[in-house]
Amino acid sequence: MSNLEKYSQAFVDAFEIEQGALASNLEYNSIPEWDSIGHMGLIAELEDAFDIAMETDDIIEFSSFEKGKELMAKYGVSIN
Amino acid sequence: MALLDKPIVVEKFRAFHSYIRKNNGQIGTKQRGIDLNLNNACNLRCEHCFTNSPKGDHVKEVLDADVIRRVANEAHELGIFEWDLQGGELLLRPDILFETLEAMDTSRFYVYLTTNGFFMDADMAKRLAEAGVNRVSVSIDSMEEEVHDEFRGKKGSWKKAIEALKHVQEAGMSPYLNITVGHYNAFSEDIKNLVEYSKDNDYTTLLNVATPAGMWQKASEIMVDEADKAHLIEMRKKYKNILRNLWNPFDRKYEDILGCNTVNRMYITPVGDVLVCPYVHIKIGNVYEQSLREIAENGFRFKPFREHSKLCLAGEDKDFVKNYMEFEGTTIFKPALAEDIFPEDQVDNTPVQLPATA
């Protein structure tokens, strides 16, 4: 599985949504599933998938599907 | 203000999430919240009030701000991330409320209020948002004005409650529509209309089950039965915006049970007594005499609170209610003492390791 596939799968698993619901404009609070509670689930899925531990500042900054890719790079994970 | 705007809260919430994941989705002995009754005076006369406010019970007492400050520090050390400020009706005395918010340092907690909404206008909502309140739960019983007003004992209370939610939303706080569900209304049009209204307006529905406590002590017929509970789960899955303290909020299949939150969310009365939950009027300590940690450790000595319960003890466990919640005259100001009511076989003195903040 590529990093992009793993990254996308984390969103699917965290929010129990279909792959088709993922879009580049997906952002925090844009869907009911991505609220603060869902956000914790997403972070946990990403940390498990990529074996990383995210810092609080990055958890807070992780505001969208696209922004998340930038932040993952800080942990040595290239999403493309 | 959202939870994610408070970095300290994000850390603690994350620790809570991590604990729950590692503990098979169960709350165990993880401390999560404080319910604080600021003052028991209220402008309404709700039929089901669990604090006996309509009877004018202890309406003058208020916890000292210094005690609130200390308790908030202790709560933070225990990893507690949420505070529910309630009454009575806490907007009757906004001076006490804002003093409390200042004393607890709202940057450290996800703060919410439970209110009947009567005094929540746009200006108050703005002030609360600025003071760091994240969410406001407004209690509503029906989408029919007369039904709600009669239940609450005051004409005009429904309109105020409905408007309050709008003001909360406009001020940038999370609006929660609080509903109480019992055997008498689980399948009713009232409940259906309320959850629909909540969903349509992008609110969250906070579901509390009816409990035979306070004004309804010994009225066990109001408790939900198996069919009612199954219906609540169906609604949970259908609407996806319904929360309940008993349910695992992180489960996106909308099925898992966190467990009863007794002692995980302690209830503090205006005289400093600490009860295991707002609806179970059993005392485990007093904040004027002991630290929160000591009180929590004491609370978890008692097996019904230490062991995982899939049932809400006060709202679903008829045996628990019959054995421990029907002592004559029990109120939040005259609670039963845990030490006195639990037999030896219900006590476990093995020390509890309260989880530290991650």
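Strands β6(B) and β7(B) run parallel and are joined by two bridges, where strands pair if DSSP finds at least two bridges between them. Helices (H or I, at least four residues) and strands (E, at least two) are DSSP runs, numbered from the N terminus. The model is predicted: local features need pLDDT of at least 70, side-chain atom pairs count only at pLDDT 80 or more, and totals for chains, interfaces and linings use all residues. Residues are numbered from 1 along each chain as its sequence is written, while chains are lettered from A and ligands numbered from 1 in the order in which they are written.

**The sheet of chain B**
- Eleven strands of chain B form an open sheet with mixed pairing, in the order β7-β6-β5-β4-β3-β2-β1-β8-β9-β10-β11.
- Its edge strands, β7 (242-243) and β11 (336-337) of chain B, each pair on one side only.
- Helix α9 (residues 292-299) of chain B packs on the sheet and touches β8 (265-268), β9 (273-275) and β10 (282-286) of chain B; its direction makes about 150° with that of β10(B). Here axes are lines fitted to C-alpha atoms, for helices over the stretch in contact, and angles run from 0 to 180 degrees between N-to-C directions.

**Parallel neighbours**
- Strand β3 (residues 110-115) and strand β4 (residues 135-139) of chain B run parallel and are joined by four bridges, with T114(B) opposite S137(B) in β4(B).
- β4(B) pairs with β5(B) in the parallel sense over five bridges; S139(B) has N178(B) in β5(B) as its bridge partner.
- Strand β5 (residues 174-181) of chain B pairs with β6(B) in the parallel sense over six bridges.
- I179(B) has L207(B) in β6(B) as its bridge partner, and T180(B) stands opposite N208(B) in β6(B).

**Crossovers**
- From β5(B), the chain passes through helix α7 (residues 189-200) of chain B to β6(B) in a right-handed β-α-β crossover. Right-handed means that, with the strands pointing away from the viewer, the path from the first strand over the helix to the second runs clockwise.
- A right-handed β-α-β unit is also made by β6(B), helix α8 (residues 226-239) of chain B and β7(B).

**Burial and core**
- Strand β6 (residues 204-209) of chain B has six of its six residues buried, so it is largely enclosed by the rest of the structure. A residue is buried if 20 or more other C-beta atoms, placed from the backbone, lie within 10 Å of its own.
- T204(B), L206(B) and N208(B) point one way from β6(B), and T205(B), L207(B) and V209(B) point the other way.
- In β5(B), eight of eight residues are buried.
- The largest nonpolar core has 115 residues, of which V136(B), M266(B), V276(B), V280(B) and A314(B) touch the most other members. Such a core is a set of buried Ala, Val, Leu, Ile, Met, Phe, Trp, Tyr and Cys residues joined through C-beta atoms within 7 Å.

Note on methods:
Contact = placed C-beta atoms within 7 Å. Buried ≥ 20, exposed ≤ 12 C-beta atoms within 10 Å, placed from the backbone.
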